[in-house]
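Dear colleague,

I am handing over the structure below for your study. Please look through the sequence and the model first, and then read the notes that follow.

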Amino acid sequence: MVGSYANGHPAGRGGVAAAEGKLDELRRLLGKADGDLLKIVGVGAGAWGSVFCALLQDAYGRPRDKAQVRVWRRPGRAVDRATAEHLFEVINSREDVLRRLIRRCAYLKYVEARLGDRTLYADEILRDGFCLNMIDTPLCPLKVVTNLQEAVWDADIVINGLPSTETREVFGEIGRYWKERIRPPVIISLAKGIEASIDPVPRIITPTQMITNATGVPLENILYLGGPNIASEIYNKEYANARICGAEKWRKPLAKFLRQPHFIVWDNSDLITHEVMGGLKNIYAIGAGMVAALTNESATSKSVYFSLCTSEMIYITHLLSEDPEKLAGPLLADTYVTLLKGRNAWYGQKLAKGELTLEMGDSIKGKGTIQGVSAVHAFYELLSQGSLSVTHPEVKKLVAPVELCPILKTLYKILIKRDLATDSILQAIRDESMYDPRERIEMSQRQSLYRPSLLGLPK
């Protein structure tokens, strides 16, 4: 138990009854007969994917005849000695975790790993409630499957907890297992990032589009969930909210199903804007981390950066949607918290301080994939295409959209081309010729920027 809640709901019969009522309602909607388990499977076991499944296990995993929550992750990932030593310290600092492991006869292996006499594996420790990317926050024990076909072939609800860079490959394999399915599953994607395709025409590919293309599952069955979600804080019952976006048929019942006292979920129809913003915020979070480190956490510099980067984000969404959801509510909060504390901001800080280098790649021990790096490349490549030209407000000439996004351009030169040092981000936000961010927002609203071809739609 954490705080005054047990299993994700208020302690007591009322909370348990409410959870079972929501579970029964979703089971009926999915056509589940009595005695037929509602099978929920998380694909990928990063911090947020693991926490999301742990929340569902806490809330709905107890009635064993009604629901089953499992997580797939690849086998064979060894836990290094230093991480095993730190994990042992975490275990011994938490009496509830220590007692749980002793009851499960699982404590001894952590002693042996601490002494260097045994190698632990990521899937093994996840079964005991430890996510390799979030060792300091023990979760509830989880059912872990390392065979992808076994995990997903008859799943009713699939949670995509993979990085966007791995979504296409893994769901391509899943699609082969689902060829004989009569009824498609419902998929909730947590992935934040995009791919860019340039030929034959420039277009963006979001994780939900990757999934439908790879599996044949109709887009109305695929939803995106995003919000101000720092995984460890949410599992520790910090109050948070989120939006689940997609077709009305599923988003409304799933919003109700996912809602918990500390985790409020609303529903929204604008799938594209939320997914795109999910990718964009990771880009600008890297820059936010750099600014924070380079200015000794100057509140003024960080606020200037925030105003400029959000105006670029709004500008870009107007290229992708005729009437994009306004940057407000959970959409704004998600951007704010990611710039403040997410792994991409952490990565930017470490680069600026010289504690990490670009040569180390974008998959960082204890953090997972830094998705903002690939997103910088994708958005820059997409928005630098001349075929998408827009009118520059000052010179009145046609230019590629990226020319109106100086922060994105600078991050591309730092992270991808490696032509500039990290302190160039400060020059980008201190440029004396830069115009008021309000002008960029007004321009995006005034000009007809919408390019449906970017989403593969007819003009």
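In this predicted model, the chain is divided into two parts: domain 1, covering 13–76 + 144–270, and domain 2, covering 272–454. The centres of domain 1 and domain 2, taken over C-alpha atoms, lie 28 Å apart.

How do the two domains meet? Contact involves 32 residues of domain 1 and 36 residues of domain 2. Between them the domains bury about 2700 Å², of which 59% is on carbon and sulfur atoms.

Several elements each supply at least two residues of the side of domain 1 that touches domain 2, among them helix 8, helix 9 (207–215) and strand 12 (222–226). Strand 13 gives the most to this side, with four residues; this strand spans residues 240–245. Two salt bridges are found across the interface of the two domains. Separately, please note that the side chains of Arg-243 and Glu-325 meet in a salt bridge, at 3.8 Å from N to O.

Which residues of helix 8 are buried? They are Ser-164, Thr-167, Val-170, Phe-171, Ile-174 and Gly-175.

With kind regards

Terms used:
Residues numbered from 1 in each chain as written. Predicted model: local features only at pLDDT ≥ 70, side-chain atom pairs only at ≥ 80, totals over all residues. Heavy atoms only, no water. Buried < 20%, exposed > 50% of the residue type's maximum accessible area, 1.4 Å probe, protein only. Domains from an automatic or database assignment. Contact = heavy atoms within 4.5 Å. Buried area = accessible area lost by both parts, 1.4 Å probe. Salt bridge = Lys/Arg side-chain N within 4 Å of Asp/Glu carboxyl O.
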